[in-house]
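Have the viewer open as you read.

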Amino acid sequence: MLFNSYIFILLFLPLALAGWFLLNKTKSEMLPKVFLLGMSLWFYAYFNIKYFPIIVISIIANYLLYLVMKKSDNKVLRKAMFCIGMILNIGILFYYKYLGFFTENINTLFKSDFTVLNLVLPLGISFFTFQQVSFVIDSYKNEVPDYSILDYALFVSYFPQLIAGPIVLHNEIIPQFADKNNKKLNPENFSKGLYAFAFGIAKKVLIADTLGNFANLGFSDIPSLNSTTALLSMLAYTIQIYFDFSGYCDMATGIGYMFNIKLPMNFNSPYKALDMDDFWKRWHITLTRFLTKNLYIPLGGNRKGKVRTYLNQFIVFIVSGIWHGANWTFILWGAINGVAVIFSKLLNPRFKNIKKKVPFVFWLITFGFINIAWVYFRADSISLANQMIAKIFAFDFGPVSDNFMNSVITSEFAFVSRVLGMVIPNFSNIFSVVFTIVFFALPVFASAKLKNTNERIDAFKPTVLRCALSCLLAVWSVVSLSGVSTFLYFNF
């Protein structure tokens, strides 16, 4: 199920909220959790019922491993359970996400003809797998208190963070479900939640999806692009993925607030970064946290000298690239970002004072690099990504065709253009050019200069203006849901 769908907004969410708060008025502590678990599993199964058993079996298996490690002091048995947990979780993820890619490369390398299985990726498997991997690791370290199967199942499947994160920790979520203060409707939290949700769905529907049309046109026919359309297609995707992921994070945060559950920040204005090290402290924060805790530190972290530190960081980024997708483009994207972060760490001490004097120069360099890196993330192959970049630097600048400009002019703005065109000569042509420029420029400005939703929530006070703005964005977005699209991170 998608946050940006009629069934979720008009049926699922109101029903989930009403059931949660009404059942919390009863004396039963278990019944509200059972209800929310059931709703979360419905939310997951709605996408594809065939993959429903995967998450259920995964939850039960990991909980049983936790029980054995919790109740046993036998080091050999505990280590065996830990190894089984790692093999189980990573094995399932590998089978569904990487087996086809691995088989294809084996066939290419050794001229073999193994059957390539083209499996549909179960929704959210990368996220709930990493969440359970973290739980198994903490269980092995004896860092997990007593949890019931219900608490654990709800922690894994809680629907706001189930599909595309954040990758939460057990001690961040489970205690909040037990907090009596969180079981009553909190008007302030509910207002914050609606405010964040409205901004999130607007980012997704009104900005990301619209610019996604432009990006799709460009990346689907790279050889036909001139430098102008190639550059704009690259920028369109840079904006699209920002507002798509930011929109999801805002909506997840907002839904959490409605339930009085605070999810960890996962997105903190990454396009404000002045270097790539800072960028990765702001983008997908909980993934970075997971990889730091469970990969970077076990590899030695920064405890074994500078060379080993940078090697460990590079390995983390390779794994991050692989986590995002089974394609060499993602692996190269991870490597590119790893090298960039290492260079940032090496150069930051030398440019620290200059960066304070001319921050815009460093922002421009960083933002330009981010754009280039996203080309490898978006393109279907490395060769196509190279073609896109070659098109940009061919300096073959020319006009932008009408089909590109029309791709970002939504029906409501097209109507305005037609009406004014009847009064003002040649208005439609002028409008297309100006609207396209503005539609690219404003999101870049907003992502680089304006406060993000988390910052606005921290200083949130209900006002008539905020209420009106939230209602306007929500209604406008819901009316524009005719072309519902999945969030980009659903693919990872």
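## Two domains

First, a word on terms: the domain bounds used here come from an automatic or database domain assignment. The model itself is predicted.

As background, nonpolar side chains in soluble globular proteins tend to be buried together. In this model the largest nonpolar core has 80 residues, and the members that touch the most others are F3, F8, F43, F159 and F259. Both domain 1 (6-184) and domain 2 (190-491) supply residues to this core, so it lies between them. There is also a second, separate core of 57 residues, with L232, M234, Y271 and V375 among them.

Setting aside neighbours within four places in sequence, F259 is in contact with L13, A16, L17, W20, F21, L36, Y158, F159 and N182. One of these contacts, F159, is also on the list of core members with the most partners.

V339, F343, L346, L347, F351, I354, V358, V361 and I365 make a nonpolar surface patch of about 740 Å². Two elements give two or more residues to this patch: helix 14 (328-357) and helix 15 (359-378). Which one gives the largest share? That would be helix 14, with 6 residues.

L347 is one of the patch residues and is found in helix 14. Its relative accessible area is 35%, so L347 counts as partly exposed.

## Salt bridges

Side chains of opposite charge can pair when their charged atoms come close. Searching the whole structure turns up 13 salt bridges, and a few deserve a look.

Start with E455 and K272, whose side chains meet at 3.8 Å, N to O. E455 sits in helix 20 (residues 453-458) and K272 in the loop between helix 10 (227-258) and helix 11 (276-282), so this pair ties together parts that are 183 residues apart in sequence. E455 is partly exposed, at 32% relative accessible area.

Next, D275 and K355 form a salt bridge at 2.8 Å, N to O. D275 is in the loop between helix 10 and helix 11, while K355 is in helix 14, so the pair links parts 80 residues apart in sequence. Are these two residues buried or exposed? Both D275 and K355 are buried. Elsewhere, salt bridges with shared partners join K204, D209 and D244 into one network.

K204 is buried, with a relative accessible area of 0%. D209 has 16% relative accessibility; the cut-off for buried is under 20%, so D209 counts as buried too.

## Q313 in helix 13

Q313 lies in helix 13 (residues 306-324) and, at 11% relative accessibility, counts as buried. What does Q313 touch, leaving aside neighbours within four places in sequence? Its contacts are Y296, I342 and K345. For a sense of scale, Q313 and S246 are 67 residues apart in sequence and 25 Å apart in space, C-alpha to C-alpha.

Most residues other than glycine have a negative phi, and most peptide bonds are trans. Against that background, a few spots here are worth checking. G165 and P166 are joined by a cis peptide bond, with omega about 5°. P166 is in the loop between helix 7 (159-162) and helix 8 (170-178).

Two non-glycine residues have positive phi values: S269, near 45°, and F395, near 55°. S269 belongs to the loop between helix 10 and helix 11, and F395 to the loop between helix 16 (382-392) and helix 17 (402-406). Which of the two is buried, and which is exposed? S269 counts as buried at 2% relative accessibility, whereas F395 counts as exposed at 58%.

Technical notes:
Residues numbered from 1 in each chain as written. Predicted model: local features only at pLDDT ≥ 70, side-chain atom pairs only at ≥ 80, totals over all residues. Heavy atoms only, no water. Core = buried A, V, L, I, M, F, W, Y, C linked by side-chain atoms within 4.5 Å. Buried < 20%, exposed > 50% of the residue type's maximum accessible area, 1.4 Å probe, protein only. Contact = heavy atoms within 4.5 Å. Patch = residues over 30% accessible without salt bridge, like charges linked within 9 Å, V, L, I, M, F, W, Y side chains within 5 Å. Areas by Shrake-Rupley, 256 points an atom, 1.4 Å probe, with all protein chains shown as cover. Salt bridge = Lys/Arg side-chain N within 4 Å of Asp/Glu carboxyl O. Helix = DSSP H or I, 4+ residues; strand = E, 2+ residues; numbered from the N terminus.
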